[in-house]
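Keep the viewer open as you read.

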Amino acid sequence: VGGGMGFGYGSVHAYGMDFMRLRGPGYGPGKNPRKEFIPVARIADALLNPGATVDYNGLKLTYPDLRTIYWVGGNPFHHHQDLNKLVRAWREPETIIVNEPFWTSAARHADIVLPTATPLERDDIAFGEGHFMAIRKAIAPVGESRTDYEIFAALAAKMGLAEQFTEGRDTFDWLRVIYAGIAEQATKVGHAMPSFEEFWAAGIVSLPMPPRPEPLFASFRADPEKNPLNTPTGKVELFSATIDGFKYDDCPGHPVWQEPKEWLGSALAKKFPIHLITNQPTTRLHSQYDNGATSTASKIKGREPLRMHPEDAAARGLKDGDVVRVFNDRGAFLAGLIVTDNLRPRVAQIATGAWYDPLEPGVIGTLDVHGNPNVVTPDHGTSKLAQAPSALSTLVEIEKFAGALPPIKVFDSPPTELRSKP
């Protein structure tokens, strides 16, 4: 009873699943000597407006003059909004470096690509709900690719910091250190773990799941004075004096409804009458393996599927299997149409994660031929408090695409130059 619900926390060290009592494999992140930061969703604004200020969680932050970007893990051309704005912003730094195992949109927009090993080419430890799994590489890294750790170690050596970074350990040494941390946790809760060598040979160690704890906030409800919450008042707060003190016009100290910048009740809906919503894909993980067989098999004439209500399709002369152009003032993309009454009229739905495939690479406003919805999404913060991305707030129009279908090129291999190894 009580507690509400949330999704996805278990993917990050089992947050929201404290009854497990064990955290995933890891080690300390160290300390960043630089204190400056920006909300990651404001990266395009920062690149376009160095020296400008932005409100964030009671602070006034100044955008730095970013001359070099080194992006490791994640793909800004997947998760960022208004990709035409991002393409423009991405021209500002002098150098952009990425670690990538695939020729993704992020790699295509970088000056230097450091080829990284895939999970099949490295040793690692996986963790999930009390199960610890040895991930043994199936093959050696292909070509000149290296693991991220090897890349960072080599860069540290170039800077004269090899010992500080590696602490004299190779990959297997670090796996042993990480496993020792797991074993220490397990011992504290009454479970003996096998040695690292036994674990690596067996491939998996499973610990019994502890009983689930009492319902969330049960002790607080039983005795609020004795068991206060971790809030300024120790109580459930419907009003935050701290947030109210920031005096933000877009986020007062109590919950209120505020009109979205784009929704079907706005004047803009007369020009763009379809509300576009997005979801996590069922055929890939975010944008990962969009080039795989499962994801590509789901496409319609090579384009990401988009669902639309029959009434809206009929009004536009559209039918199942058509390739449609989805557009607003920020840009346009192509998608393959599925007509269905599984969503309400004036709403269209498309999954995120189709690799950005511009018809004319580098040209602001060019058509994305593959079906990346972030070509049309707005890039503005949720509020001055969080500055998070404003998801699910996009108005578009949809029409049948006329003319010859442009080819999908984003899955093509990069140009290569064969050379002899020294």
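This is a predicted model: local features need pLDDT of at least 70, side-chain atom pairs count only at pLDDT 80 or more; totals for chains, interfaces and linings use all residues.

Before anything else, a cut-off: a residue is called buried when its relative accessible area is under 20%, exposed when it is over 50%, and partly exposed in between. Phe152 has a relative accessible area of 27%, so it goes down as partly exposed.

Now the overall picture. The protein has 422 residues, and buried ones make up 39% of them. Its secondary structure comes to twelve helices and 14 strands.

Next, the empty space. Rolling a probe the size of a water molecule over the atoms shows where such space is left. Here the largest pocket has a volume of about 1,600 Å³. Its lining takes in 47 residues, and the ones nearest the centre are Val72, Arg122, Asp124, Asp148 and Phe152. So Phe152 is back, this time as one of the residues nearest the pocket centre, and because its relative accessible area is 27%, it falls in the partly exposed class. Which elements give two or more residues to that lining? They are helix 2 (76-79), strand 4 (95-100), strand 6 (124-128), helix 5 (148-158), helix 6 (162-166) and helix 7 (171-188). Sort the lining by class and you get 20 nonpolar, 19 polar and eight charged residues.

Phe152 also leads us into the aromatic side of things. A pair of aromatic rings is described by the distance of the centres and the angle of the planes. In this model the count comes to 20 aromatic pairs. One of them joins Tyr70 and Phe152 edge-to-face, at 6.4 Å centre to centre with 70° between the planes. Tyr70 sits in strand 3 (residues 68-72) and Phe152 in helix 5, so the pair ties together parts that are 82 residues apart in sequence. Tyr70 is partly exposed too, at 33% relative accessible area.

Compare that with Phe77 and Trp90, which also pair edge-to-face, with 5.7 Å between centres and 90° between the planes. Phe77 belongs to helix 2, while Trp90 is in the loop between helix 3 (83-89) and strand 4, so this pair bridges parts that are 13 residues apart in sequence.

Elsewhere, ring pairs link Phe172, Tyr179, Phe196, Phe199 and Trp200 into a cluster.

How many salt bridges does the structure hold? The total is 23. Start with Asp65 and Arg67, whose closest N and O atoms are 3.2 Å apart. Asp65 is exposed at 52% relative accessible area, whereas Arg67 is partly exposed at 33%.

Then look at Arg330 and Glu262, a salt bridge with its closest N and O atoms 2.8 Å apart. This one links distant parts of the chain: Arg330 is in the loop between strand 11 (323-328) and strand 12 (331-339), and Glu262 is in the loop between helix 10 (241-245) and strand 9 (274-279), 68 residues away. Arg330 is partly exposed at 22%, while Glu262 has 8% relative accessibility and so counts as buried.

Another salt bridge joins Lys271 and Asp329, at 3.1 Å from N to O. Lys271 lies in the loop between helix 10 and strand 9, and Asp329 in the loop between strand 11 and strand 12, so parts that are 58 residues apart in sequence are tied together. Lys271 is partly exposed at 47%, and Asp329, at 60%, counts as exposed.

Last stop: Arg42, Asp45, Lys85 and Asp379, which salt bridges with shared partners join into one network.

Notes
Residues are numbered from 1 along each chain as its sequence is written. Side-chain values use heavy atoms; hydrogens and water are left out. A salt bridge is a side-chain nitrogen of Lys or Arg within 4 Å of a carboxyl oxygen of Asp or Glu. Buried means under 20% relative accessible area, exposed over 50%, partly exposed in between (1.4 Å probe, protein chains only). Helices (H or I, at least four residues) and strands (E, at least two) are DSSP runs, numbered from the N terminus. On a 1 Å grid over the protein atoms alone, a cavity is a set of points where a 1.4 Å probe fits but cannot get out, and a pocket is an open set with protein on both sides within 12 Å along at least five of seven lines; lining residues have an atom within 4 Å of a point. Grid points are joined across faces, edges and corners, and a volume is the space filled by probe spheres set on the points. Ala, Val, Leu, Ile, Met, Phe, Trp, Tyr, Cys and Pro count as nonpolar, Asp, Glu, Lys and Arg as charged, and the others, Gly among them, as polar. Rings of Phe, Tyr and Trp (its six-membered ring) pair if their centres lie within 6.5 Å; planes under 30 degrees apart count as stacked, over 60 as edge-to-face and the rest as tilted.
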